[in-house]
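Biologist: I would like to learn how to read a model of this kind, one feature at a time. Could we start from single residues and work up to whole chains?

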Amino acid sequence: MSSDTPALPVVKRRIPASVMRRFIGQHLTEVVSSLVAVALAIFFTIESPNFFTSANALVLSQFIAPFAIFALAEVPVLILGEIDLSVGQMYIVSPFFVTYWNHAGVPVLASVVLALLVCCGLGLINGLVSVSLRVPSFIATLGMAFALRGIILIYSHGAPTNPIGSGTLVNILGGWPWSEAFWALGIAAVMHVMLRGTTFGLHIVAVGGNTESARESGIRVDYIKIWCFVLCALLGGLMGIVDGYHLGSLDPATDGLTFMFYGVTSAVIGGTALTGGRGTMVGACIGACVLGMIKNGFLILGTSSFALDLVTGLTILVAMILNVQIELATSKRGSRGSFGQVVSVIFTIFVQRRKGRVRS
Amino acid sequence: MTPNGGTNEPAGVEDVLRTEHISMSFGPVIALRSVNLHLRRGEVLGLVGDNGAGKSTLVKILTGLHRPDGGRIYLEGEEVKFRSVRDARQHGIETVFQNLALVGELSVYHNLFLNREYTRGGWFRFLGNRVMRAAARQFLDEIGVNIPSVDTPVAELSGGQRQAIAVARAVRQENIKVLLLDEPLAAMGAKETSLIIGLINSLSKKANVSIIVIDHNYTHLFEICDRINVIQHGQVTVDKSLSEIKLEELIEFMVQTFRGSGKTLVD
């Protein structure tokens, strides 16, 4: 080894500015999304005195937390280039599993664990159908979503019920007003470490980025995919139980697909690529914040519930157009979008003028 | 091996790798009919053949990616069956694939260590990024691969740099016995080509690594190889050491067979 020869001094300590530039370059979507989030916060604070208050912080957290957990559940699956449409229905179904086991004579805590295991099993089915039977995950999980909806409507006869149990356990699970927020933060931390700090997370990105390369490197692609579906179902189920205890009632007719799409939207706003290979947990949380603030903010402003969906849809569109176009305009690779071209032309003119002024 | 010094199998004794009657079909398509080849210790073997002759399929079988329909593989005299890429790697077989098997989204050092990460924390397998980063930088400096930063995502590197990373990943392994290179010099600049050729030469001479190279550029092959095998229609049809064949003859032969005149090298 020639490590004591002048090889070492060549390796310069990089200056923080370049580290910063690289970070922003690689996480541009996340950075832009957090700017959008800040802009929204400022907008709603100016428009309504009730937005930036401690009372609304709690309400806001209850908007953001479910979106965040759905987004966190979807991110690994989306990075793989797959999608799980059944996670929202898993959310509807899981508290009913708790009720089922409890009625069968199992204590509440054990019922919760059993319900989560059932969710894992359903996630395993999702994974096996899409990986081993080669059904595209979009269809495989859509089938699962409808099947779950059917099962729960048959089981409950379509009648809403109340979640089982009371006391400390229920408070931790979702009864306490802030518990959802803490669940979301905890899950975000665990998922972030999983994705960025473990071989499993690295292999998820590898499989999503280039499946063939991952396979040639000896990564067990099928195994990684199936585990991500299991993880997604588990988090969906957990969220269902937490939110069930939070709301205090269970409605089997709730549409899980809408919840799932909030999760996917949050993830995509936060920089996860629907085509796979890219995505962060932090970005998913930022996306959830953007989506939660849009919902909560326009409600506070007194937007009618009919107009709320319109406003939400348009805001998502504008946020994503900005995000995609700014990324295209600044990235070195790939072609530029039309909006990006306009931005870059304006930018070039601006820079040239300034240079001209400096010279004269 | 037999007690009397293996005199009854003269061709096989010092072979690191030997295949016997390897065959493989994809549905109705026969990729490999019956491949017999052998590779001596420290030897560089060049594999040539038309597109679709079965070269890449052979490489994928030797890497553990495909399982052959029939035939046997011997590694240092013992029969081996590779169940997975990991299995083949544990036997000391490393591969640089035609598509390089790099993940563009991941950094240089994550690609260098892909599926062989340095980990801590037992079952959780936390990544030891700092260790990997330092080791990657030191190794690339040592073998003379010039990369601005090991944190750069591979997608941002040039084609030649990527190729160098893929080769570096294979030769980094300490237990390496056989190195398979599937078109290692495609898309390389002159500088990188000489780097890789130098790397291949020093590996086979110093580290006693045996190498199989697939390349369409016969000039390159004649620079690095000791022996040339021609694969046609899923079989090895020509096996000549460099002393037995000239570059012009090989080119003439390949052109003739391409035109379908049916001329053979054995006069």
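Biologist: Does Leu185(A) count as buried or exposed, and at what relative accessibility?

Modeller: First, a caution: this is a predicted model. Exposure is read from relative accessible area, and over 50% counts as exposed. Leu185(A) has 59% relative accessibility, so it counts as exposed. The residue sits in helix H9 of chain A, which covers residues 179-197.

Biologist: Which residues form a nonpolar patch on the surface with Leu185(A)?

Modeller: The patch consists of Trp176(A), Trp178(A), Phe182(A) and Leu185(A). Together they have about 460 Å² of accessible area.

Biologist: What about a residue between those two classes? Where is Val135(A) found, and what is its relative accessible area?

Modeller: Val135(A) belongs to the loop between helix H6 (108-131) and helix H7 (137-156) of chain A. Its relative accessible area is 27%, so Val135(A) is classed as partly exposed. With neighbours within four places in sequence set aside, Val135(A) has contacts with Val129(A), Ser130(A) and Ala140(A).

Biologist: Now for charges. How should I read a salt bridge, and how many does the structure hold over all chains?

Modeller: Side chains of opposite charge can pair when their charged atoms come close. Here the cut-off is a side-chain nitrogen of Lys or Arg within 4 Å of a carboxyl oxygen of Asp or Glu. Over all chains, the structure holds 15 salt bridges.

Biologist: Which residue forms a salt bridge with Glu20(B)?

Modeller: The partner of Glu20(B) is Arg18(B), and their closest N and O atoms are 2.7 Å apart. Glu20(B) counts as partly exposed because its relative accessibility is 23%. Arg18(B) has 16% and so counts as buried.

Biologist: Which parts of chain B does the pair of Glu94(B) and Arg116(B) tie together?

Modeller: The side chains of Glu94(B) and Arg116(B) form a salt bridge at 2.8 Å, N to O. Glu94(B) is in strand S6 (residues 93-96) and Arg116(B) is in the loop between H3 and S7, so the pair ties together parts of chain B that are 22 residues apart in sequence. Glu94(B) is buried at 2% relative accessibility, while Arg116(B) is partly exposed at 21%.

Biologist: What is the N to O distance for Arg83(B) and Asp87(B)?

Modeller: Their side chains meet in a salt bridge at 4.0 Å, N to O. Arg83(B) is exposed, with 59% relative accessible area. Asp87(B) is buried, with 10%.

Biologist: Which residues are linked in a network of salt bridges?

Modeller: A network of salt bridges links Arg40(B), Glu43(B), Arg227(B) and Asp239(B).

Biologist: How do I read a buried charge without a salt bridge? How far is Asp215(B) from the nearest side chain of opposite charge?

Modeller: Look for that side chain, then for other contacts. For Asp215(B), which is buried and has no salt bridge, the nearest side chain of opposite charge is Lys55(B), 9.0 Å away. The side chain of Asp215(B) does reach the backbone nitrogen of Asn217(B), at 2.9 Å. Asp215(B) lies in the loop between strand S10 (210-214) and helix H7 (218-224) of chain B. Among the residues it touches are Leu47(B), Pro184(B) and His220(B).

Biologist: Finally, whole chains. How many helices and strands does chain A have, and what is the secondary structure of chain B?

Modeller: Chain A has 16 helices and zero strands. Chain B has eight helices and twelve strands. In chain A, 48% of the 360 residues count as buried; in chain B, the share is 52% of 267 residues.

Biologist: What share of the accessible surface belongs to carbon and sulfur atoms in chain A and in chain B?

Modeller: For chain A, carbon and sulfur atoms account for 70% of about 17600 Å². For chain B, they account for 50% of about 12500 Å².

Technical notes
Residues are numbered from 1 along each chain as its sequence is written. Chains are lettered from A and ligands numbered from 1 in the order in which they are written. This is a predicted model: local features need pLDDT of at least 70, side-chain atom pairs count only at pLDDT 80 or more; totals for chains, interfaces and linings use all residues. Side-chain values use heavy atoms; hydrogens and water are left out. Helices (H or I, at least four residues) and strands (E, at least two) are DSSP runs, numbered from the N terminus. Buried means under 20% relative accessible area, exposed over 50%, partly exposed in between (1.4 Å probe, protein chains only). Lys and Arg count as positive and Asp and Glu as negative; His and the chain ends are not counted. A polar contact is a pair of N or O atoms within 3.5 Å; within protein, one must be able to donate a hydrogen and the other to accept it, and residues adjacent in sequence count only if both atoms are side-chain atoms. Contact means heavy atoms within 4.5 Å. Patches are made of residues with over 30% relative accessible area and no salt bridge: like charges are joined within 9 Å, nonpolar side chains (Val, Leu, Ile, Met, Phe, Trp, Tyr) within 5 Å. Accessible areas come from the Shrake-Rupley method with a 1.4 Å probe; for residues, only the protein chains shown count as cover.
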